[in-house]
Amino acid sequence: MNEYIHSVTLDEEKCCGCTNCIKRCPTEAIRVRNGKAMILTERCIDCGECIRVCPHHAKRAKSDPLSVIDSFTYKIALPAPSLFGQFNNLSDINIVLNGLIAIGFDSVFEVARGAEIISEAARKLMETGELKKPVISCACPAIVRLIRIRFPELCDHVLPLLTPMEVSARLAKKQASEKTGLPEDQIGVFFISPCPAKVTEAKAPMATEKSAVDGVIAISRIYPQLSAAMDKLTKIEPLAFSGIIGVGWANSGGEATGMLNDKYLAADGIENAIRVLDELEDERINDIDFIELNACHGGCVGGVLTIENPYIAQARVQLLKKHLPVSKNHALDNAATEFHWTNTLNFTPVLKLSDNLEEAMEMMTKIDEITKNLPNLDCGSCGSPSCHAMAEDIVKGNAKITDCIFVLKEQLQAMAKSLSSLS
Amino acid sequence: MNAIHLFYEVSGDDFARAGEASGDVKQKLKSLGYDKTAIRNAAIAMYEGEINMVIHAGGGVIDVDIYPEKIEIKMEDKGPGIPDLDMAMQEGFSTAPPQIHDLGFGAGMGLPNIKKYTDKMHIDTELGVGTTVYMTVNANK
């Protein structure tokens, strides 16, 4: 039911109807109609590429303001590992965690902790031999959503464990309830997020019926307040409880390193991830046990809701890890069961032309004929991302041939000619 | 109803482009909502054929016909031809030069894999004239 809830939205006033977003969307999920962009919700995977490329800042991620925490008695911040890469000259993760307390949270629970638990649970699960290899990471929701709509043969390769965000949220809530005696519904858990896909994942999770996360606050939104509070700290309490493996998840390759298995591959950037998935689907990737894919360049540090250049953030995370132990959190024996997906990842063929194969074939024949008569410049002026996509839109009844400015020009010229021959 | 006919030219001098044709066929089959096992089998078999065309034959042409119940692929080259077809069909037998092995190809699995992933396969080959590989992948409807 919640299948098509998205966190990426459009600010109509700012949208000028240019073609930047439609050209960059990896699932061709955006069209410009009547001068404004619109998102085809069933195709959107919330990767945030459109937010990144929109020069008018008309694409936005719906996230919560800090005030969202006020409706709970006890408030817990769940900082993503990538948050630690956002600050210049940061020597100690505790400064960030104390800063979060200073801006209103009662406690913190690093998502790096959930990451360490999932790393260990995944290692144990891999050893059982029950998983289809290569196992694909489940951590990036944009990638999992991409697999769900585009790679039918790979759905059962996705690691069926909850994300570190979800695991951390559940553990944080449970521990706080035990500590404070408050019921869990009075304890609010808030993810400090580098990306819109995680917002969607908290509102409409794929893995489970309901997320334990009560709100998602963008790193970029909380940053000014947090950074100011960090500067004013007089005392630093030791709150950090994670190691190299957990914090390392901020960067591309970090999660794979945590598998403690050299037969891994880590790719980042949605176009690179698609290439890997394509080759994997064609059984061209051998001798690899684990595949980590991140939709953003550099990994989560490259998320569209971060503020720092991803490569600088990567270097900072690298430095921060130097003085940490390998891992501080361990998975209990039942972790793989406790944190197993309760939903199944089912292929959702939203990209297919029709439910009826013969009808789909007829449509494809028409699409190819129409495409032949288009200029094939893929200019995007019609509002579709390419001439082929436009032909598809025409056949589906969502566009007309004269939306193509070149076709329109030809028709006008022909009309002018016949008019002049009449005069 | 009529089949969907697709035609591709495979360039013989660009290794990086091998796989473009099979990739395109895969995309088209997916948008048709075609049987997913058939999509995978056709994509793998056709990719092997493309690689063979580039390694051995200096490129060639491919005709693909998509029917509701099957996919027919014809891959035609004007290469050197296959001297011993039985040998070529054996797993692990390869005549690819060392630089091809260095790229991770030439494992001698090309034709055996095509056979493995297709329901029907037939090869016409003549030394000095060329080779045509016909393959059929059936769809589970």
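Start with A:Pro134, which sits in the loop between helix H4 (111-127) and strand S7 (135-136) of chain A. Select A:Lys133 along with A:Pro134: a cis peptide bond joins the two, with omega at about -10 degrees. Keep in mind throughout that this is a predicted model.

Next, go to A:Asp46. Look for this residue in the loop between strand S3 (36-39) and helix H2 (49-53) of chain A. A:Asp46 is not a glycine, yet its phi is positive, about 60 degrees. As background for both stops, most residues other than glycine have a negative phi, and most peptide bonds are trans.

Now select A:Asp11 and A:Arg60. They form a salt bridge, and their closest N and O atoms are 3.0 Å apart. A:Asp11 is in the loop between strand S1 (8-10) and helix H1 (20-24) of chain A, while A:Arg60 belongs to strand S4 (residues 59-61) of chain A, so the pair ties together parts that are 49 residues apart in sequence. Over all chains, the whole structure has 30 salt bridges.

Some of these bridges cross between chains. Show chain A and chain B together. The rule finds 6 salt bridges across their interface. For one to inspect, pick A:Glu153 and B:Arg40, a salt bridge with its closest N and O atoms 3.7 Å apart.

Stay on the chain B side. Two elements of chain B, helix H1 (20-32) and helix H2 (36-56), each give two or more residues to the side that touches chain A. Colour that side by class: 12 residues are nonpolar, 5 are polar and 6 are charged.

Then take in the contact as a whole. Select 23 residues from chain B and 21 residues from chain A to see who takes part. Between the two chains, 8 residue pairs are in polar contact, with both residues at pLDDT 80 or more. How much area is buried between chain B and chain A? About 2,000 Å², with carbon and sulfur atoms giving 58% of that area. The size of an interface is often given as the accessible area lost when the parts come together.

Finish inside the protein. How many cavities of 30 Å³ or more does the structure hold? There are 8. Turn to the largest cavity, whose volume is about 160 Å³. To centre the view, select A:Pro81, A:Pro164, A:Lys198, A:Trp249 and A:Cys300, which lie nearest the centre of this cavity among its 16 lining residues. Then highlight helix H6 (164-180) and strand S11 (290-294) of chain A; each supplies at least two residues of the lining. By class, the lining of this largest cavity has 10 nonpolar, 3 polar and 3 charged residues.

Note on methods. Residues are numbered from 1 along each chain as its sequence is written. Chains are lettered from A and ligands numbered from 1 in the order in which they are written. This is a predicted model: local features need pLDDT of at least 70, side-chain atom pairs count only at pLDDT 80 or more; totals for chains, interfaces and linings use all residues. Side-chain values use heavy atoms; hydrogens and water are left out. On a 1 Å grid over the protein atoms alone, a cavity is a set of points where a 1.4 Å probe fits but cannot get out, and a pocket is an open set with protein on both sides within 12 Å along at least five of seven lines; lining residues have an atom within 4 Å of a point. Grid points are joined across faces, edges and corners, and a volume is the space filled by probe spheres set on the points. Helices (H or I, at least four residues) and strands (E, at least two) are DSSP runs, numbered from the N terminus. Ala, Val, Leu, Ile, Met, Phe, Trp, Tyr, Cys and Pro count as nonpolar, Asp, Glu, Lys and Arg as charged, and the others, Gly among them, as polar. Contact means heavy atoms within 4.5 Å. Buried area is the accessible area (1.4 Å probe) that two parts lose on being put together, summed over both. A salt bridge is a side-chain nitrogen of Lys or Arg within 4 Å of a carboxyl oxygen of Asp or Glu. A polar contact is a pair of N or O atoms within 3.5 Å; within protein, one must be able to donate a hydrogen and the other to accept it, and residues adjacent in sequence count only if both atoms are side-chain atoms.
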